[in-house]
2 protein chains.
Amino acid sequence: MNASRTARERVRAELIREITDIARRHLATDGAGGLSLRAVARDMGMVSSAIYRYFPSRDDLLTALIIDGYNAIGESVEIADAGCARDDFTGRWLAVCHAVRTWALDHPHEYALLYGSPVPGYQAPEDTIGPAARDVVVYGRIISDAQAAGRLTPPDMCPAPPEVLSSDAEAVRQLMPGVSDDVVARGIVAWTGLFGMVNFELFGQFNNVITHRRELFEHNMLSLASLIGLPPTPRA
Amino acid sequence: MNASRTARERVRAELIREITDIARRHLATDGAGGLSLRAVARDMGMVSSAIYRYFPSRDDLLTALIIDGYNAIGESVEIADAGCARDDFTGRWLAVCHAVRTWALDHPHEYALLYGSPVPGYQAPEDTIGPAARDVVVYGRIISDAQAAGRLTPPDMCPAPPEVLSSDAEAVRQLMPGVSDDVVARGIVAWTGLFGMVNFELFGQFNNVITHRRELFEHNMLSLASLIGLPPTPRA
DNA sequence: GGATCGTCAAGAGCAGTGCTCTCTTTTTTT
DNA sequence: AAAAAAAGAGAGCACTGCTCTTGACGATCC
């Protein structure tokens, strides 16, 4: 009985996979707002109402795509980090930055779904916060590793973070154990700066202004690396 | 004839204003995707097709809202900057940062329209690039003023920007005359970092993680200020 | 083996959307 | 006053998300 039930379940799982695949294709071409259950159903040779057997609502389909997206960019970041020498902290940071940017440029609509404005009327459920952390976990490990190796020497040029931020810093420190509140704050600057750059490039703020985007991006990521206190050059 | 013609035109202008006002209210509550011409028409006691006399398409209405939004945030930034002592460069930078953040928090959906993911199927026309620059013009003037006053001393901690970026730097330098390529690049880091922070806060990336958001924001903006080379403390 | 029950596809239908057309009314111009 | 321009009203098209009912298929139990 277990086998037979699994047979059904397997068909179901396969259909769910096919639906999300087609939906992702639609997402890539038309964006989140253009994602239509009926169109997906048409592509599958199904009638629209049948889709609702698998996804109770359009938002549930979106949620599935969002989780997949977080996992995809997270995996991409993990692979990029894994391809670097463990003690090349700046290189690992740069690799992570380029992985984020490249993935974003390759999947603009999916990226917009993850890091752009929330889809109107859609509220991200709790299921998304786990996979959402995959990329930042990698980032935290880089900082933490550099700190442990004694290679983190942030330039002192601005006041330490105010006392009131210590509880927040403590929360973030779970991702990057062993670093000071100051480094936590700098880490947030760099991380948000990374996504700020990607957002500007992807959402059109650089149009008609910046042409050598990859070079500017890399240079700016190096600036942020030095703000964190990472060694000035990769492989140094 | 001029007066009579103006009479009609005045009614027309008034109606356009009323449409955009109602549309903005809908935008504030339902977001860009929930903006419905029919709903706006209903609120005005009009029939839906009549709206098309004033805005040929939903996208044109969106464009009007976007231009208004850029002007609103730009004006907000201008006022914030104008409220500071001219030689308090770090204070002016901080004021601009807070103006952007406050406006974003007060008008989240409008902000998302400007700096979030592009609305699906909507392509921003050229009309939007003028007003879009209002805030960054203020920013550029702060940097430029600080440079002219000899108060811009960027810490040297990372390599200068590569040669290939000089043409892009030249374009950006129109906003901040008199500064080096290095400062231009740092300026872009800070500017994108500002919006990166606001995006993270507004789009939910800080949920369940950061609680003292204003304090963290201000501290991080000070970090970025020191990266640019602005004096470490306001009013110094 | 046959009855039963859960799962699924199909279709009709509801309320809503952007947008286009035609027709009538109102206002301006001549 | 007549002609012309502008605006409102309404019907209609194609589309959307979603719900409900109907009928068929397949696994399960006696």
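Helices (H or I, at least four residues) are DSSP runs, numbered from the N terminus. This is a predicted model: local features need pLDDT of at least 70, side-chain atom pairs count only at pLDDT 80 or more, and totals for chains, interfaces and linings use all residues. Residues are numbered from 1 along each chain as its sequence is written, chains are lettered from A, and side-chain values use heavy atoms, without hydrogens and water.

**View 1. A:Asp81 in helix 4 of chain A.** The helix covers residues 58-82. A:Asp81 is buried, at a relative accessible area of 3% (buried: under 20%, 1.4 Å probe, protein chains only). Beyond its neighbours within four places in sequence, A:Asp81 contacts A:Arg86, A:Arg92, A:Val96, A:Val138 and A:Ile142 (contact: heavy atoms within 4.5 Å).

**View 2. Helix 6 of chain A, residues 108-115.** Six of its eight residues are buried, so the rest of the structure largely encloses this helix. Both A:Tyr111 and A:Tyr115 are among the buried residues.

**View 3. Domain 1 (1-56) against domain 2 (59-228) of chain A.** These bounds come from an automatic or database domain assignment. The contact takes 14 residues from domain 1 and ten from domain 2. About 1000 Å² is buried between them, 79% of it from carbon and sulfur atoms (accessible area lost on being put together, 1.4 Å probe, summed over both parts). In domain 1, A:Arg24, A:Leu27 and A:Phe55 lose the most area, together 44% of what that side buries.

**View 4. The salt bridge of A:Asp68 with A:Arg24.** Their closest N and O atoms are 3.4 Å apart (salt bridge: side-chain nitrogen of Lys or Arg within 4 Å of a carboxyl oxygen of Asp or Glu).

Terms used:
Helices (H or I, at least four residues) and strands (E, at least two) are DSSP runs, numbered from the N terminus. Buried means under 20% relative accessible area, exposed over 50%, partly exposed in between (1.4 Å probe, protein chains only). Buried area is the accessible area (1.4 Å probe) that two parts lose on being put together, summed over both.
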